[in-house]
Amino acid sequence: MASSVIFLVLLQLCGLQLMLVAMPTCRMRENLVRTSHHLLRDLGGPFPVHCLQYNVNISFPDSALPATSANQAQCRRALWVVYETLNETQLILQNNHLPVGGGGVTWDEGKLDTFMNLQERLLEEGSCLSTGPHAVSSYFSNVTAVLQHKESAACGWMALRRDVLRVLKIVLHKHHNCFL
Ligand SMILES: *[C@@H]1O[C@H](CO)[C@@H](O)[C@H](O)[C@H]1NC(C)=O
Ligand SMILES: *[C@@H]1O[C@H](CO)[C@@H](O)[C@H](O)[C@H]1NC(C)=O
Ligand SMILES: *[C@@H]1O[C@H](CO)[C@@H](O)[C@H](O)[C@H]1NC(C)=O
């Protein structure tokens, strides 16, 4: 009798533990976002003037981000835009080669690798944030189009880096209270 009670208690404890393990950790940690920003900032040089012409094709929709983060809904929106932006950027980084050689992209590969590894963690931890309408998908289709032309590919990468940097800077500045 006593042993079956103990058995049941153990069973319940195990069940509880399994539940805790299976529960998604929903968070986006400010320090990981900050480190991502710094890596991206430090892995290359300034935005080249000759790439300005592609601003017509690639212009990040700043209005996707809320103006402030005074309430929960605005925080959810800000985190969602960051999540979507990082997710799409990771996808582009995984599926395209950086153009190398003359006129190519000369980024620090070590920093880029570290950045991408960090994104894996951020995206995994924040995966439950991915709800809501896509806010930046037309921006990313435009980036993809520019990357697919040989003559504009390098500028596409530069513009993408510039814009992701700006998004991260804005959220770390204006919406840092939304992070863990
Ligand atoms: C994130 O990327 C995956 C593909 O790696 C895609 O299936 C998913 O829809 C994307 N989520 C968001 C929120 O963009
Ligand atoms: C996408 O590119 C078109 C021009 O090809 C431009 O009119 C539009 O504003 C761009 N949209 C974004 C979000 O970059
Ligand atoms: C940039 O946009 C212009 C105007 O819409 C278009 O003609 C051009 O093909 C686009 N360039 C690239 C590389 O996507």
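Reader: What does D108 form a salt bridge with?

Author: The partner of D108 is K111, and their closest N and O atoms are 3.6 Å apart. A salt bridge here is a side-chain nitrogen of Lys or Arg within 4 Å of a carboxyl oxygen of Asp or Glu. This is a predicted model, in which local features need pLDDT of at least 70 and side-chain atom pairs count only at pLDDT 80 or more, while totals for chains, interfaces and linings use all residues. Residues are numbered from 1 along each chain as its sequence is written, chains are lettered from A and ligands numbered from 1 in the order in which they are written, and side-chain values use heavy atoms, with hydrogens and water left out.

Reader: Is D108 buried, partly exposed or exposed?

Author: D108 is partly exposed at 34% relative accessible area, and K111 is partly exposed at 28%. Buried means under 20%, exposed over 50%, and partly exposed in between (1.4 Å probe, protein chains only).

Reader: How many salt bridges does the whole structure have?

Author: A search finds seven. In one of them R41 pairs with D42, the closest N and O atoms being 2.9 Å apart. D42 counts as partly exposed at 40% relative accessibility, and R41 counts as partly exposed at 40%.

Reader: What about R162, which residue does its side chain meet in a salt bridge?

Author: The side chain of D163, at 2.8 Å from N to O. D163 is buried, with a relative accessible area of 1%, whereas R162 is partly exposed at 22%. Salt bridges with shared partners link D62, R162, D163 and R166 into one network.

Reader: Why would side chains pair like that?

Author: Side chains of opposite charge can pair when their charged atoms come close.

Reader: Switching to ligands. What surrounds ligand 2?

Author: V56, N57, I58, S59, S138, Y139 and N142 do, each having a heavy atom within 4 Å of the ligand. By class, that shell has three nonpolar, four polar and no charged residues. Ala, Val, Leu, Ile, Met, Phe, Trp, Tyr, Cys and Pro count as nonpolar, Asp, Glu, Lys and Arg as charged, and the others, Gly among them, as polar.

Reader: Which N or O atoms lie by its oxygens?

Author: A backbone N or O atom of N57 is 3.2 Å from an oxygen of ligand 2, and one of S59 is 3.1 Å from an oxygen of ligand 2. For N142, a side-chain N or O atom is 2.3 Å from an oxygen of the ligand. On its own, ligand 2 has 360 Å² of accessible area, and the protein covers 54% of that (Shrake-Rupley method, 1.4 Å probe).

Reader: And ligand 3, what surrounds that?

Author: N57, V146, H149 and S152. A polar side-chain atom of N57 lies 2.3 Å from an oxygen atom of ligand 3.

Reader: How does the pLDDT look over residues 16–23?

Author: The chain averages a pLDDT of 88, and 85% of the residues score at least 70. Over residues 16–23 the pLDDT is below 50, and this stretch has zero contacts in the model beyond near neighbours in sequence. pLDDT is the predictor's confidence in each residue, from 0 to 100, and contact means heavy atoms within 4.5 Å. Where pLDDT is low, the predicted coordinates should not be read in detail.

Terms used: Polar contact = N/O pair within 3.5 Å; in protein donor to acceptor, adjacent residues only side chain to side chain.
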